[in-house]
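Have a look at the model, then read on.

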Amino acid sequence: MYAFEKKDSYTFSFSSPSHLRFYLESNGYTIPFSKDLSPLGKQVLIQAPDGTCKTVKNALATHPMEGCDAETDGSPSELTKRRYARFSGSGAGLVWMEAISVVPEARTSDHQMMINDQTADSFAGLVEDMKKNDVFAVAQLTHSGRFAKNSDTPHALFATRSLPFEAKRPQDVGVPIVTDDYLDRLPEKFAKAAKLAENAGFDAIDVKACHQYLLDELLSAHTREGKYGGSFENRARLMIDCFDAVRAVLKPDTVLASRLSLSDMIEYPYGFAVCEDKPVRPDLTETKKLIEILRAKGLSLINMTMGSPYFNPHINRPYNRGSYEPPEHPLVGLERLIDATREIQTAFPEITMIGTGYSYLRELAPYVAAGALHEGAASMIGFGRMAFAYDTFARDMIEGNFNPSKVCIACSKCAEIKRLSQHTGCPIRDQEIYLPIYREHCMKGRKNTP
Ligand SMILES: Cc1cc2nc3c(=O)[nH]c(=O)nc-3n(C[C@H](O)[C@H](O)[C@H](O)COP(=O)(O)O)c2cc1C
């Protein structure tokens with residue numbers, strides 16, 4: 001049946017839209033495709049809890065991406081402002097701001113954004129600037145749990161033991177697990193941060209539960225004892241409590257959102273929403289259960305993701321070059337992301353679902369993005385690495401002027417810099433700022449140039 005093996009070549013080598021389309025069709029992929037790009041430019045309506053609708057000017061979004069470039073107090077720096085000027089000026093209708101810590105001890109570095117009484121005004125200035133480009137702005141509120149690493153915290157804040165993680169990261173063995181008392185205090189911290197973010201002008205608040213950060217790790221805490229582990233009700237408790245606390249303080253027309261790992265793709269009993277047998281596969285039963293609960297409480301915007309960037313990054317961002325050779329073709333990964341988004345979008349048609357993972361497709365991304373929108377497999381399409389690389393990507397996609405010499409090449413250099421907690425962006429397409437950073441921190445001792 002297949003003209004090619006799905007494991008053909010991992011290097012992106014499609015010469016034209018027709019070539020990609022032929023390849024997808026002849027290999028039996030379920031990845032959608034449309035030559036008609038008009039769905040990209042269509043307005044999108046997002047429901048608020050009070051039943052009113054917010055209009056987003058088109059169906060493209062920039063994904064949240066930690067730039068590790070905030071000031072040490074958590075406020076945006078000049079470099080942060082430059083990134084958001086680029087994202088909001090890209091032509092995308094929605095800008096989903098990166099992970100903003102709700103408490104100091106949970107930051108991934110001393111340069112992660114953090115919102116509190118001292119920094120809130122600087123966020124208001126940033127949002128005001130973004131809004132000049134008529135964007136819908138989302139604040140991603142987070143507790144980085146297992147990946148907290150900063151001068152306020154002597155060690156990471158694990159929600160549960162994870163043998164797969166600890167097998168890869170021996171430094172994690174023996175790190176204590178956070179207590180129920182500590183977790184009990186977090187909903188009020190999320191609520192405080194949410195109110196500050198709303199006052200700063202954000203249109204939507206994201207209670208983030210993905211990528212093995214704290215709320216997501218709890219969803220997978222099958223082996224934790226006590227009220228936050230074991231049963232689905234216990235594992236979902238803190239996510240739901242944080243969501244309730246956030247909703248209680250927000251105005252009824254502020255949109256409630258979540259960046260949600262539809263499945264962690266980490267083996268049972270250490271992952272969320274996976275089959276209990278091997279090989280690891282998504283099982284979206286619990287995902288749907290959780291979304292149904294949150295939807296009834298007002299959730300109307302989901303930015304989907306899967307996997308963990310610290311454990312299986314090829315799942316969340318299919319790549320050409322990365323820290324290891326992935327066990328599958330990047331298109332298989334993209335297909336998984338698209339299929340899962342479609343499954344949730346079909347089950348919850350009233351929710352605005354944002355699709356993820358498209359940057360791998362380079363100049364052919366608009367055709368698959370338009371195909372997904374056309375099929376109803378997502379309501380909007382987000383771009384992460386592409387937005388780092390290509391400053392006017394959304395406008396050019398919508399206008400049919402997408403420039404192949406400006407696209408992301410999925411080389412993972414932005415992620416490499418982030419792993420070292422340095423200011424990150426694209427060292428290939430935004431060289432002036434990021435190539436010297438890449439050279440200084442990632443190329444020590446290497447002879448070849450990026
Ligand atoms: C450097 C970097 C930082 C990221 N930071 C975040 C983040 O703060 N929050 C989040 O939800 N996802 C984060 N992500 C994941 C992206 O939002 C996105 O899911 C991923 O890059 C796949 O989309 P793409 O194929 O368009 O790049 C980050 C990704 C990269 C490469």
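1. Start with the second largest cavity: its lining has 5 nonpolar, 1 polar and 4 charged residues. Here Ala, Val, Leu, Ile, Met, Phe, Trp, Tyr, Cys and Pro count as nonpolar, Asp, Glu, Lys and Arg as charged, and the others, Gly among them, as polar. Helix H2 (78–88) and H13 are the elements giving two or more residues to that lining, and H2 has the largest share, 4 residues. Helices are DSSP runs of H or I, at least four residues, and strands are E runs of at least two, numbered from the N terminus.

2. A word on the source: this is a predicted model, where local features need pLDDT of at least 70 and side-chain atom pairs count only at pLDDT 80 or more, while totals for chains, interfaces and linings use all residues. Residues are numbered from 1 along each chain as its sequence is written, and side-chain values use heavy atoms, with hydrogens and water left out.

3. Some distances to check: a polar side-chain atom of Arg385 lies 2.7 Å from a ligand oxygen atom, and a backbone N or O atom of Pro64 is 2.6 Å from an oxygen atom of the ligand.

Technical notes: A polar contact is a pair of N or O atoms within 3.5 Å; within protein, one must be able to donate a hydrogen and the other to accept it, and residues adjacent in sequence count only if both atoms are side-chain atoms.
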